[in-house]
Structures are given as C-alpha cells and as structure tokens.
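Open the structure in your viewer and follow the stops below in order. Each stop names what to select and what is there.

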Amino acid sequence: MLDEKLEELLQDMSIEEKVGQLVQLDGSYFEEDALITGNMAKNGEGRNFPIFLAGSTLGLSGAKDLKKIQKDQMERHPHHIPMLFMLDVIHGYRTVFPCPLGQGASFQPKLVKECAEVAAREAAVSGIHVVFSPMADLVRDARWGRVMESTGEDSYLNGIMAKAMVKGYQGKNPGDKMKVGACVKHFAGYGAPVAGREYYNVELSEYTMREYYLPAYKKAVEAGCEMVMSAFHTWNGIPCSGNRWLLEDILRKEMNFKGVLISDWGAVSEMTAHGFCENNKVAARTAIEAGLDIDMCANAYAEYLVDLIKNGEVEIKLLDHAVMRVLRLKNRLGLFENPYKDADSEGEMRVILCDEHRDKAREAVRKSMVLLKNEEVHNEKALPLKNEKIAFIGPYVKNEDMDSSWAVNGDPRDQISIQDAALERWSEGEVFFARGCTLLDNKTTGAKYFYEENDEYFETKNQSLLEEAMETAKKADTVVLCLGEHRLQSGEASSRAQIKLPKIQLNLLNNIAWTGIKIITLIFSGRPLELEEVLKYSNAVFMVWMPGTEGGHGIMDVLVGDHNPSGKLPMSIPYNGGQLPISYDQYSTGRPRMGLQKGEYTTGYLDVPNEPLFSFGYGLSYTDFEISKPYISSVYMRQNESIKVSAKVKNTGDRQGTETLQLYIQDMTASRVRPLRQLKGFCQVELKPGEEKEVLFDITEEMLSFHRADGTYGSEAGLFKVWINNSSNVGEGVIFELKEGKNGNVQRREYA
Ligand code: GLC
C-alpha cells in the first residue's frame, strides 16, 4: 500500500482504533474458546477495550489457527487492519539450534545467519510475522540466567552476530517470502544487572553503556532490524521503558532507528512496581511520551491511552506517530495485500524439521562445541574416540531435554540424544549406557521447580543409578560423562548465586574417576559453570551448551573425529563464581599483578588468579596450530590511513582443522584507560596437515576509536599494541604509533 494511503487510513481511524494498534494481547485472548468480539475480560478483570481492535498478539503459532484468527479479527475491525503475529524464536522455531551462546562460540556469522534463515522459514510458514530475536545484550556475569540467550561478553562479536541474525531473519525485505521481521532486545544493557540478579537495577555510566553495551544493538539497527524491545530493568534508577533519553534521543535520534519500539512483557505497568509511576495511567503516559509504540501485555495503553488522548493529557501527534510506525511495519510485511503472508499448512509439513534444516542444526552443533581439555592417555590424545569400548554415562545420555528454556516450539521428542546417535554407530554390546544419576538432586536450589519427588526418592533412586553406572563403567575402556545444568536453570528468571554442577553429578564423576578409567566429560549448559573438579578428573572436556534438536548427532560427529572441533569461548569461564562479573578485556590498574608474588600489594584476589580459568576466544582442536608473531606494514599510522597486520598460521598436527585467528588491539595510553586487549576482528582458516597460510587485517582508525574523556568519539595519538592469535590471552604483540592528525578526528588527549 502506498504511504499516502496509510496516511489516509490513519486519518480515518478513531482514537480507539489507533490505540488498538499499540496494544499487544497475549495469545490466550485468541485461543479457541476466546471471544474475539468481547472486551478484554480475563481473570475476572473487566476491561473496556474490545479485543478485535488489538494490533498484535504473541505466543501463538500454526498456519491454520493464525489464518482463522486473522480472518476473524479483520472481519470485525472497522478498517479491517491485519494483526501482527509475534513469537519468541530465539534459536530456532521447531528445528532448535544450539542456544545463542553456543552459536556465538562458532565465530561463524555466516552459519548463524543460515540458522536464522531456517528459523525464519519455519516461523513464517507457521504464520509468524515478527520474531523476538536477536538478543544483543552484552553479558559478563554467568550468575545471570539469560547469558544463554546472548552471543557473549564481547560487544564486537555480539554486533557481528546480531547483524547476521537480522539478515538471516529479514533477508533484503521482511515482506519477502519466508522472511520475518526481527526484534533486537533488550534495550538497553539488560545483561549487566547488579549481582547478576534477574530484573535488577543496571548501574552503568553513560561512558560504559556507550562504549560496551550499546554497540551490538546499534549493529542490529544498522542492519535494518524492524523492531526494538525495551527492557524490564532500571538503568541508573530509570526504567528503560519510560526513559525518553534512552528511547528517543539515543535510539531514535542518534542511532536513527525508524522502526517500531515494543516494551517487554508487562514492562509498562511494572514502572509502578519499580516506584517510578504512581499508577498504570501515569505509566501509560510516561511510556508513550518516552517513545514506546507497543505495550506488550501490560494493558496500560488499553486501559488509559484513549482517555489520556481525549482529555488532552497526551498529544494526539504522539499517538499518530506511533500508530504510523506500526502501520508501516505491517505494510513492509505486505500484510495489507496478503494478511496471511506465508502461513501455509502444507508448507509446514514440507518445511518444518526437513532434512536440510536438521543438517544445518547438526552442523551448528559441531561448530558450537568448545574443546577445553584433551590430554594424552597412554601416549595418545583422549579424543577423538578410537576403536575402544565406550560407556556413555550421565543424565544427558538419554533422559534430558537438550533444548534451552527459550525453545518455545521445540519438542524433546524431535531430539537425537547421545544414546540415539551412539546406536547409529555402534551396535548393542559394543557400547554401553547408564543414566548415572538424576540431573538435579533435592539439594539443588530450585530442584523443586523441576521434580515433584521427595528426598527419599532422590536417595534411593540415585543409589541404584550409581550402582548401575559403576557396573556399566567396568565393561568399558572409556567413559563419556554427559553432565550439566537443567534446561530451566538458565534463561529468564534463572539467576544462580552459585554456578556449580549439582553435587549428585559431581558424586557420579568422583566415583567413576575412582576406577581409573579414561573419562571424557561433556557439559550441557546455558552458562559457564565452575569446572575445576570436572577438569581434575577428566582427560578431556567439551562445553556443548544447550545443543538443541540435533545435539546427539553433532556431538557424536565430533567425538569420533568425523569433524574436528573449532569452537571458541564467547564467554570466559571463571575459576569460581566469586570472580563474576569477569571478561577478558580487563584494565591494567595502577598495580598490575605480574604473576602471583608473596606479599605484594597488587590488584587481585588472595585465593584465585585475576584471569578466568578459560578466557574468551579459547578453544582446542584435534590438531595443532603454530601462529607467528604479527608482522606490521608500518610502525606509524596516519590520520585517515590504515596499516596492515598479518600473521602466518601453520597446521603442525596430523589432521585437517579450522583455526580462528583473532585480532586484538590495546590503546596503551589514552584519556580514559583502555582495556589490555580488545577484539577488533577475526577470521577462520582451514588447513590441511603441514599447510600454512597468512592472514591479513587492515587496522583502521575506527578500530582505534572510543568515547574519549571529553565526550567526543574518535582516536587519540599514541602507541598501540596489536596481536593476532587464537585466544584473548596468548601471544606476542607488536607496537605501532598513531600520529596526530591536523584536521581530523585523531587528536591529542584531552583530560576531562
Ligand atoms: C519475556 C522476555 C522477552 C520475550 C518477551 C515475550 O519476558 O523478557 O525476551 O521476548 O517476554 O515473550
């Protein structure tokens, strides 16, 4: 529809109809027994807002149902405006990919884009128009359960991955066939709650927010993301969903975001609980004046916005601008011409969980796994598995759901378990299985949410499971232990003060270790966990995240060596939770610790190192790589120029492999102290045994720019150090100097 027609439509709409476009009702209002014609009468609270005026809903899916709802809704709507159907498709629709933290570990934006393309196809054919993804929150505190949904602790990597997901979901135009609109979330800085506590305050200076937390959302907006979701939390005491500076000035004006701003679930009304708004009516006015377009399920707009407009308490132009943005989104999706878009029951049968999609999921599993340890046993590496008798033991061998808590349409029955995959390769009697223990014991806080059984059950059940496991282990040369978190221990409202494996699982590990058998441990988890004990008793350890539908297949492909692992940590793994929040890009401080010396007064802890146990960017391969010291094209860089830095990488092992070369830069002296290293680029090379390649990066002034002490953005003259290596804490750097520019952005340091 032409924009002029949209303007005409807008002018012709009543105030009630306009407000309706900003109201998102949860799917239960539209389920079979709901009365679309009725008012919002749910849970006994009568609402004077007619359901058929609602502009969108979330949480529903299925071509047949959504086509019926759309038809009914449009028939009753005075201007027959189609609804938007939105859904949390976080890492796959029905074909569930590794959780985003695992996808970040692939360091393959092309793969991540392909996963999003598959998700878009399955969602679109099921009637979905917009997905609430990518989640671009920077995360550095593994106590926070939603680290699982992020691609990690580095804003550069997150920006690359957020852009890849947006391009995967939307393609060139979200109105194209089998494409959907993307919604980047949670704006802004949701991943940094104080103490890792869900929904809690985020205390970030404007500098830190701009330097570290905003860039990934910005990349999603620059990629054309159709929607942004405002977050639940308060930033420095102000709820994001009512923060006009954040939503209007930073997002809309500075980032030039032209799309639709939607709140998180109920976040508008929650401004009363925050103590920011006296009541829901004030919350509705605050939100619309802050620039928020759609009220997700708070019903604040539904209850009060019509009166606020009619009484002149809110300017009609605010309403019109918001409604126009929603109508334009519907128009870009082509809904005025075809309100059902790609919804197609036949297509669902053909597309969902098809072999091509499963193959992509299997590939993503392989490339998201991170090999943390692989020591020699009897003079050869523990992995890949050889011709040996193997016992797969642990709760994740067969029984547990490998999807994350945000796989709303995932079905565990679709999953290929470790046991399923093993039995495709070995026959009964060649390979053995045992559950070993329940995933959680009754002492694991929160276990009650997952199990109904009482303490007695756990004691007796686990005793017999352990006995069976010990018998099983005796039949084998090697045990593959499949341990981890419950899928509901990460995700929303899943902060944990301690990031340990349940005692019952560590007990199993200790008992198996006592036999002296070779142990390979797989960790299924949506977050980094404390792993010292696992590392102590295991000859090899893989982080496999929450691997999703094709978990068993992808993991087995790597365990047997059909594929060489290439994953790298997108988030550091701490020695223990006491180090959190932690990330690789630390500052020097005035008293840097040069190794653990007795009695020194330097930065750090008495009981653990400053560094994480495993640092961002770390991950082993089944082969070895030698990386040369970087070679730099010039030791001087001038204004508006770039210089080149290269390194040679050689496969010195005996099997083909892929290595991820990471470019890190340090600004050695600046008007604000800068991290000891920051990721500024990466590339992957695949090398045959003995093969050597050179990787080359351009160092640009943008890479050296930051939010300077005087409030401007740009680079500062001075010395820089650059590394090219395969993790964030190794290798030798080389120094170059950025010369002061005359009329450009390079300037001498100005002190605040
Ligand atoms: C949830 C989440 C958000 C999700 C939304 C809709 O509370 O915070 O990520 O997209 O509500 O389900």
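This is a predicted model: local features need pLDDT of at least 70, side-chain atom pairs count only at pLDDT 80 or more; totals for chains, interfaces and linings use all residues.

Start with R350, which sits in helix α14 (residues 345–351); helices (H or I, at least four residues) and strands (E, at least two) are DSSP runs numbered from the N terminus. R350 is exposed, with a relative accessible area of 53% (buried means under 20%, exposed over 50%, partly exposed in between, with a 1.4 Å probe and protein chains only).

Residues are numbered from 1 along each chain as its sequence is written, and side-chain values use heavy atoms, with hydrogens and water left out.

Next, select the open sheet of 8 strands, ordered β9-β6-β5-β4-β3-β2-β1-β10 with parallel pairing (two strands pair if DSSP finds at least two bridges between them). Its edge strands are β9 (260–263) and β10 (295–296), each pairing on one side only.

Zoom in on β1 (residues 23–26), which pairs with β10 in the parallel sense over 2 bridges. Here V23 stands opposite D295 of β10.

Now show helix α13 (residues 316–332), which packs on the sheet and touches β3 (84–87), β4 (130–131), β6 and β9 (contact means heavy atoms within 4.5 Å).

Finish at L719, in strand β28 (residues 718–725). L719 is partly exposed, with a relative accessible area of 41%.

Key:
Axes are lines fitted to C-alpha atoms, for helices over the stretch in contact, and angles run from 0 to 180 degrees between N-to-C directions.
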